[in-house]
Amino acid sequence: MLTTADFFRYTQWSGIATLVFAVLTALGLIFKWGIRFRLVGATGFMLVMTGGLFSLSLVPLSRTVIPGAAKFTLVYDNGSTHAVIATSPQITPTQLEATLRQASSNLYSSGRLGSREENQLTVRARTIIHPEPGVSVPVYLGQIKRSLTNRQDPEVKVEIYPEKFAQLPQPTA
């Protein structure tokens with residue numbers, strides 16, 4: 001994964017290229033070259049590119065890694081208070097708790113909308129089981145609720161549904 005230092009290095013090179021395009025554009029306008037207006041467009045594009053790279057060099061792009069968390073896929077996110085992740089049917093309750101904590105941390109954003117009545121992000125974990133051929137059943141294994149306003153929420157509530165784990169297929173040796 002690219003780091004902010006990498007983006008800063010790319011910003012420097014892009015800035016140099018932008019200056020070169022600006023000089024070429026100025027020369028093109030002075031000497032009335034046929035490509036002068038294309039150079040204006042290329043210089044504008046380079047300015048936008050340099051600005052974007054600079055902004056990426058300021059904001060960390062790291063994700064939270066919690067030991068013991070399993071891989072998950074985000075399957076639903078309404079952009080405000082609800083999200084659903086999918087996990088493997090072979091997940092254990094301890095892995096599920098770590099996975100829910102990691103997902104809630106990664107999905108936290110100060111831009112999520114809440115309301116006075118519902119000011120928490122709820123992330124639910126589900127898996128798919130196949131009780132018989134051609135039939136797929138989603139099974140919700142647990143959920144986590146965290147604050148939408150506090151990144152370091154001390155009152156995170158994790159709920160694991162042990163009765164749902166009994167429905168999961170047992171691994172064969």
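Which residue in β5 does K145 stand opposite? K145 stands opposite K157. Keep in mind that this is a predicted model. That pair belongs to the contact between β4 and β5, which run antiparallel and are joined by 4 bridges.

Let me step back to the whole chain. The protein has 4 helices and 5 strands. Read from the N terminus, the order of elements is α-α-β-β-α-β-β-β-α. The radius of gyration is 25 Å, whereas the globule rule gives 16 Å for 173 residues, so the protein is more spread out than a compact globule. Along the principal axes, the C-alpha atoms fill a box of roughly 80 × 40 × 30 Å. Of the 173 residues, 31% count as buried. If you take contacts between residues at least 6 apart in sequence, 60% of them join residues at least 24 apart.

α1 covers residues 4–31 and α2 covers residues 36–58. K32 sits in the loop between them. This lysine has a positive phi of about 55 degrees, although it is not a glycine. For background, most residues other than glycine have a negative phi. Is K32 buried or exposed? Its relative accessible area is 62%, and the cut-off for exposed is over 50%, so K32 counts as exposed.

α2 has 23 residues, and from its first C-alpha to its last it reaches 33 Å, close to the 33 Å expected at 1.5 Å a residue. Its buried residues are L39, T43, M46, T50, L53 and S57. An α-helix has 3.6 residues a turn, so residues three or four places apart point the same way. You can compare that with the numbering of the buried residues in α2, L39 through S57. What covers them includes α1.

Next, the sheet. It is an open sheet of 5 strands in the order β1-β2-β3-β4-β5, with mixed pairing. β1 and β5 are the edge strands, each pairing on one side only. On average, neighbouring strands are turned by 25 degrees against each other, direction ignored.

Where does the mixed pairing show up? β2 and β3 run parallel, joined by 5 bridges, while β3 and β4 pair in the antiparallel sense over 10 bridges. To find these on the screen, look for A86 opposite R126 in β3, and V123 opposite I144 in β4. β3 is mostly covered, with 7 of its 10 residues buried. Between β2 and β3 the chain crosses through α3, and this β-α-β crossover is right-handed.

That leaves α3 itself, residues 93–107. How far apart are its end C-alpha atoms? They are 21 Å apart, which agrees with the 21 Å that 15 residues should span at 1.5 Å a residue. The buried residues here are L96, A98, T99, L100, Q102, A103, S104, S105, N106 and L107. What covers them includes the strands β1, β2, β3, β4 and β5, and also α4, residues 162–165.

To sum up, α1 is part of what covers the buried residues of α2, and the strands of the sheet are part of what covers those of α3. That is what I have.

Technical notes:
Residues are numbered from 1 along each chain as its sequence is written. This is a predicted model: local features need pLDDT of at least 70, side-chain atom pairs count only at pLDDT 80 or more; totals for chains, interfaces and linings use all residues. Side-chain values use heavy atoms; hydrogens and water are left out. Helices (H or I, at least four residues) and strands (E, at least two) are DSSP runs, numbered from the N terminus. The expected span of a helix is 1.5 Å times one less than its number of residues. Buried means under 20% relative accessible area, exposed over 50%, partly exposed in between (1.4 Å probe, protein chains only). Contact means heavy atoms within 4.5 Å. Two strands pair if DSSP finds at least two bridges between them. Axes are lines fitted to C-alpha atoms, for helices over the stretch in contact, and angles run from 0 to 180 degrees between N-to-C directions. A crossover is right-handed if, with the strands pointing away from the viewer, the path from the first strand over the helix to the second runs clockwise. The radius of gyration is taken over C-alpha atoms; the globule rule is 2.2 Å times the number of residues to the power 0.38.
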